[in-house]
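Thanks for coming. I will go through one structure today, starting with a detail and then moving to the overall picture. Please have a look at it first.

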Amino acid sequence: MTSFDSSPTLTAWRALLAVAVVFVMLATTGWTAVRHQHTATPRDIALASWAKDRIGGHALPDAGAPADRLARFFASLTAGQRVALTDKYPLVVGNMNGAPVTLRYRANRRALVAAEAEERQRTGDTRLSFDGRHQALLRLERFRSLLAKDRQILSFDPSGRGHVAEVLGDLDRAERVSVVVPGVDTNLLTLERTGRKENAAPVGMARSLYGAERSARPDTRTAVIAWADYTAPAGLGVDAALGGLAAAGAVRLNGLLDALPGTSTVSLFCHSYGSVLCGLAARDLPGRVSDIAVAGSPGMRADNAAGLRTGARVWAMRDADDWIADVPNIEVGGVGHGADPVDPEFGARLVSAQGAIGHSGYFEPGTESLSNFAAIGVGAYDSVSCASAEEACRNEISGGVRA
């Protein structure tokens, strides 16, 4: 729910939930028989070619193999072989958990160059409608922005609405890694904004957090990932009330986390529908994930923090002006996302969001919400501002050591 700044009425949301219940009933009883034809994407074609290829007389591993196996495969290659595979299969290597980070950056730059060239051709295609040409121009602008010389693109797939992840900082050397998980309407075109809404988009959120973390602890080596590498709901429709896309995204998120280099401590910062995804990912998180912080959450698909079945600390905040407070915290037949994480009975550590304005203002510089995120991200827990006068949110935490 990243891009929505004004509140839908409570009545409208309840009506949406009712429609969603009907939809689920139809789907589960077999009354819906819609089938979507799948057209092979450039990445599909590249994956098929990869599966048949060989290097040094040996077959290439399954591109979806566990990250540790793929890491061993790349380690077994010569430098020349690694570069050759990267340049031949950029859409494969660039999205491959287990491939060295520097190879992924190289691969995604090559993939972006190809995507930019293709989109540039489409902008001059007279067969496209006005809307089609407009979309092509927007995508072309996005590809050109992502190709800026110092940007580190960890994943990139231009098919459909697009998937992207960008790294700020040195991921290989980081002591602390923060992952920003955004919500509804996250896609290639909404990845970043300029001007007043800059910090409401995934890249703007990550940049704000990275700057705040460096200010909070300049001597700590940090990296932040703007993670828009899942298919998010488009608007406040049925998908936003269901958990299917969040469940699929949770698998992708854990795949990323399992593949992170080094031994860095990891924190997740999950906004709106992104908190649903983080809630579903929680039970399978690697042990290096120390903290899950949610903002503007409609629920985490658990009755309480203990129900997330994670060893990570769970933090929650909500601004007083956030319309998400009007969304009923229910879960019926898979519709709705359950208990409110800022309800004291949920059991999360409640932190201040003072200064944040509306649903999309949690990463604005100068807000307590951003400074709290930064403190959590670098392990400066003594600097966290609790949501009330009590200091309960900091109980049993000492320095950067996990309690």
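Let me start with a question: how many residues apart in helix 6 are arginine 122 and glutamate 119, and why are they separated by about one helical turn? They are three residues apart in helix 6, residues 101–122, and so about one helical turn separates them. Helices here are DSSP runs of H or I with at least four residues, strands are runs of E with at least two, and both are numbered from the N terminus. The side chains of arginine 122 and glutamate 119 meet in a salt bridge, at 2.4 Å from N to O. By salt bridge I mean a side-chain nitrogen of Lys or Arg within 4 Å of a carboxyl oxygen of Asp or Glu. Glutamate 119 is buried at 3% relative accessibility, while arginine 122 is partly exposed at 30%. Buried is under 20% relative accessible area, exposed is over 50%, and partly exposed is in between, with a 1.4 Å probe and protein chains only.

Some background before I go on. This is a predicted model, in which local features need pLDDT of at least 70 and side-chain atom pairs count only at pLDDT 80 or more, whereas totals for chains, interfaces and linings use all residues. Residues are numbered from 1 along each chain as its sequence is written, and side-chain values use heavy atoms, leaving out hydrogens and water.

Now the overall picture. The protein has twelve helices and ten strands, and 51% of its 403 residues count as buried.

Back to salt bridges, of which the structure holds 16. One of them joins arginine 72 to aspartate 68, with the closest N and O atoms 3.9 Å apart. Both residues lie in helix 3, residues 67–76, four residues apart. Arginine 72 is exposed at 53% relative accessible area, and aspartate 68 is partly exposed at 47%. Arginine 394 and glutamate 391 also meet in a salt bridge, at 3.1 Å from N to O. Then there is a network: Arg142, Arg151, Glu166 and Glu192 are joined by salt bridges that share partners.

Next, strand 9. Where does this strand sit, enclosed or open? Five of the five residues of strand 9, residues 313–317, are buried, so the rest of the structure largely encloses it. Arg313, Trp315 and Met317 point one way, and Val314 and Ala316 point the other way. On pairing, which needs at least two bridges found by DSSP, strand 9 runs parallel to strand 8, residues 289–295, over five bridges. Strand 9 is also joined by two bridges to strand 10, residues 349–350, again in parallel. Tryptophan 315 has arginine 349 in strand 10 as its bridge partner. Arginine 349 also lies over the face of tryptophan 315, at 5.7 Å from the ring centre. The criterion is NZ of Lys or CZ of Arg within 6 Å of the ring centre and within 35 degrees of the ring normal.

Last, the aromatic pairs, of which there are seven. Rings of Phe, Tyr and Trp (its six-membered ring) pair if their centres lie within 6.5 Å; planes under 30 degrees apart are stacked, over 60 edge-to-face, and the rest tilted. Phenylalanine 143 and phenylalanine 156 have ring centres 5.7 Å apart and planes at 90°, so this pair is edge-to-face. Phenylalanine 143 is in helix 7, residues 130–146, and phenylalanine 156 in strand 3, residues 152–157, so the pair ties together parts 13 residues apart in sequence. Finally, Phe269, Phe363 and Phe373 form one aromatic cluster.
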